[in-house]
Amino acid sequence: MSDQVTIVDYHAGNLTSVRLAVEKLGRTANITSDADEVRSASRLIFPGVGAAGAAMSTLEALDLHAAISDYAATGRPLLGICLGAQVILEHSDEGDTPCLALIEGRVVRLQVPEAAKVPHMGWNGVEQVRDHPIWAGVEDGSPFYFVHSYAPAPGEESVAIGLTDYYGRFVSALARDNVVACQFHPERSGRIGLKVLDNFLRWNP
Amino acid sequence: MLTKRLIVCLDVREGKTTKGVKFQDNIDVGDPVEMAQRYYEEGVDELVFYDIGASPAKKDILMDVVRRVAARIFIPFAVGGGLRTTTDMRRVLLAGADKVSIDTAAVRNPNLIVDGAAQFGSQCIVLGMQAKRVGRSEAVPSGYEVYVEGARVAAGLDVLRWARQAEALGAGEICLNSIDADGTEGGYELEVTRMIGEAVRIPVIASGGAGEPEHLRQVLTEGKADAALIASMVHFGKYSIPEIKRSLARSGVPVRLTW
């Protein structure tokens with residue numbers, strides 16, 4: 001299998017840190033907005049920060065909407081990060097946006113008290129509620145870096161592989177078949193984050 | 001549980017880390033890339049690089065520092081100093097920074113916050129704010145005024161009003177530096193930090209005055225700050241990052257202890 005990792009660029013944030021993390025782990029990264037390159041990728045990272053509505057509009061305009069779904073259907077590994085972990089669900093409450101529907105469920109606003117800080121920004125622990133290859137060698141409860149105001153709410157509980165507490169627990173990592181996704185930023189979570197990313201790069205579902 | 005962030009600030013002038021007291025008397029303390037790597041390995045939660053007084057011709061030196069740092073450290077870092085346009089912001093973000101810090105430029109042109117947030121997301125935009133205690137007046141009801149131009153010039157703005165306005169314009173965080181406390185190592189200015197922290201819903205980073213771990217405990221609890229910025233405490237080897245974090249943990253402040 002090719003060592004190359006394809007990173008989807010749909011103008012939703014800065015991809016430099018994801019690319020540098022992939023390179024640090026000894027792989028080459030191809031950042032692309034090309035639908036055919038996404039379809040033929042051997043390993044795909046779907047990152048992103050920003051608003052769900054704008055992201056989905058751009059994905060559709062670039063024909064990446066269909067390309068990511070086609071890629072996911074091949075059974076090859078896909079990692080969603082942050083916004084990329086949200087828009088793989090069916091619907092986002094952010095801007096009432098229909099999403100890619102690779103996994104059943106919705107994206108909901110974090111439920112926090114009036115005075116609480118939003119976004120949820122900083123380092124927080126992830127409880128590994130289910131085994132998954134991305135957790136290999138990662139201590140349960142390890143801290144990761146988060147920046148977000150919405151979070152995944154998958155339809156089936158069995159999809160959740162990580163939970164995080166911010167005024168109540170939310171799903172911070174989820175997986176089904178060849179798709180795995182994390183609300184946190186593994187590329188910005190130090191050595192432990194790089195371990196999760198490396199686990200994904202070695203994963204052959 | 002969300003932990004309180006410990007952020008190390010590196011003032012960079014012509015490719016060297018410097019440290020001044022009250023914005024004067026800067027002395028070189030080391031290579032910013034090596035220092036960044038060391039703090040990363042010691043478990044710092046975030047870094048910020050401020051370009052101090054570099055002439056436009058020297059901007060490429062900072063960009064080189066940003067690129068080298070980005071290839072070596074995998075935690076969030078911000079870059080500030082002399083960013084006046086969204087084009088300036090884009091350059092440092094593409095070089096690998098996660099956030100940009102704007103200060104004087106945002107006071108002169110508040111739309112820079114709006115445009116930066118629209119193009120890169122609010123999470124990228126840190127508003128740097130220099131606060132000076134001036135006493136309450138009609139123009140400055142909180143008693144703290146915003147200063148600009150390297151904290152030399154009064155902006156005629158109340159810090160509380162500016163903080164709320166910046167949040168409304170789309171700033172993602174506020175880094176509040178007390179001019180009075182900066183470089184004294186006598187402790188953060190708790191009153192103004194708490195005032196801002198309670199006035200906005202975006203995270204507040206306290207800056208200026210850290211000399212010992214107890215000062216961080218104070219500002220992260222009584223001062224209601226979400227993060228504490230330090231510089232000379234660690235630059236001169238008086239404390240290490242793990243020492244500070246262990247001290248905070250012992251006094252009940254939630255911090256990241258594994259990395």
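Guide: Let's start with strand 3 (residues 44–46) of chain A and strand 4 (residues 78–81) of chain A, which pair in the parallel sense over 3 bridges. Strands here are DSSP runs of E, at least two residues long, helices are runs of H or I of at least four, and both are numbered from the N terminus. Pairing takes at least two DSSP bridges between two strands. Before going on, a word on the ground rules: residues count from 1 along each chain as its sequence is written, while chains are lettered from A and ligands numbered from 1 in the order in which they are written. This is a predicted model, with local features needing pLDDT of at least 70 and side-chain atom pairs counting only at pLDDT 80 or more, whereas totals for chains, interfaces and linings use all residues.

Back to our pair: Ile45(A) has Leu79(A) in strand 4 of chain A as its bridge partner. Strand 4 of chain A also runs parallel to strand 14 (residues 179–182) of chain A, joined to it by 4 bridges. There, Leu78(A) has Val179(A) as its bridge partner. Now look at which way the residues of strand 4 of chain A point: Leu78(A) and Gly80(A) go one way, Leu79(A) and Ile81(A) the other, and all are buried. Buried means 20 or more other C-beta atoms within 10 Å of a residue's own, exposed means 12 or fewer, and partly exposed is in between, with C-beta atoms placed from the backbone.

Zoom out, and these strands belong to an open sheet of 8 in chain A, ordered 2-1-3-4-14-13-12-9 with mixed pairing. Its edges are strand 2 (29–32) and strand 9 (127–128) of chain A, each pairing on one side only. Packed on that sheet is helix 1 (residues 16–24) of chain A, which touches strand 1 (5–8), strand 2 and strand 3 of chain A, its direction making about 160° with that of strand 2 of chain A. Touching, or contact, is C-beta atoms placed from the backbone lying within 7 Å; axes are lines fitted to C-alpha atoms, for helices over the stretch in contact, with angles from 0 to 180 degrees between N-to-C directions.

Chain A has another open sheet, 4 strands in the order 6-5-7-11, again with mixed pairing. Strand 6 (97–98) and strand 11 (150–154) of chain A are at its edges with a single partner strand each, so one side of each lacks a neighbour in the sheet. Inside it, strand 5 (residues 91–92) of chain A runs parallel to strand 7 (residues 105–109) of chain A over 2 bridges, and Ser92(A) is partnered by Val107(A).

Met121(A) gives us a way across to the other chain. It lies in strand 8 (residues 120–125) of chain A, and counts as buried because it has 22 C-beta neighbours inside 10 Å. Beyond neighbours within four places in sequence, Met121(A) is in contact with Phe146(A) and Val147(A), and with Gln123(B) and Pro203(B).

The contact between the chains takes 31 residues from chain A and 23 from chain B. On the chain B side, helix 2 (59–72) and helix 3 (86–94) are the elements giving two or more residues. That side has 12 nonpolar, 5 polar and 6 charged residues, where Ala, Val, Leu, Ile, Met, Phe, Trp, Tyr, Cys and Pro count as nonpolar, Asp, Glu, Lys and Arg as charged, and the others, Gly among them, as polar.

Within chain B, have a look at strand 1 (residues 5–13): 9 of its 9 residues are buried, so the rest of the structure largely encloses it. On one side sit Arg5(B), Ile7(B), Cys9(B), Asp11(B) and Arg13(B), and on the other Leu6(B), Val8(B), Leu10(B) and Val12(B). Strand 1 of chain B pairs in the parallel sense with strand 4 (residues 46–51) of chain B over 6 bridges, with Leu10(B) opposite Phe49(B). It also runs parallel to strand 12 (residues 227–230) of chain B, joined by 4 bridges, and there Leu6(B) is partnered by Ala228(B).

Note on methods
Two residues are in contact if their C-beta atoms, placed from the backbone, lie within 7 Å.
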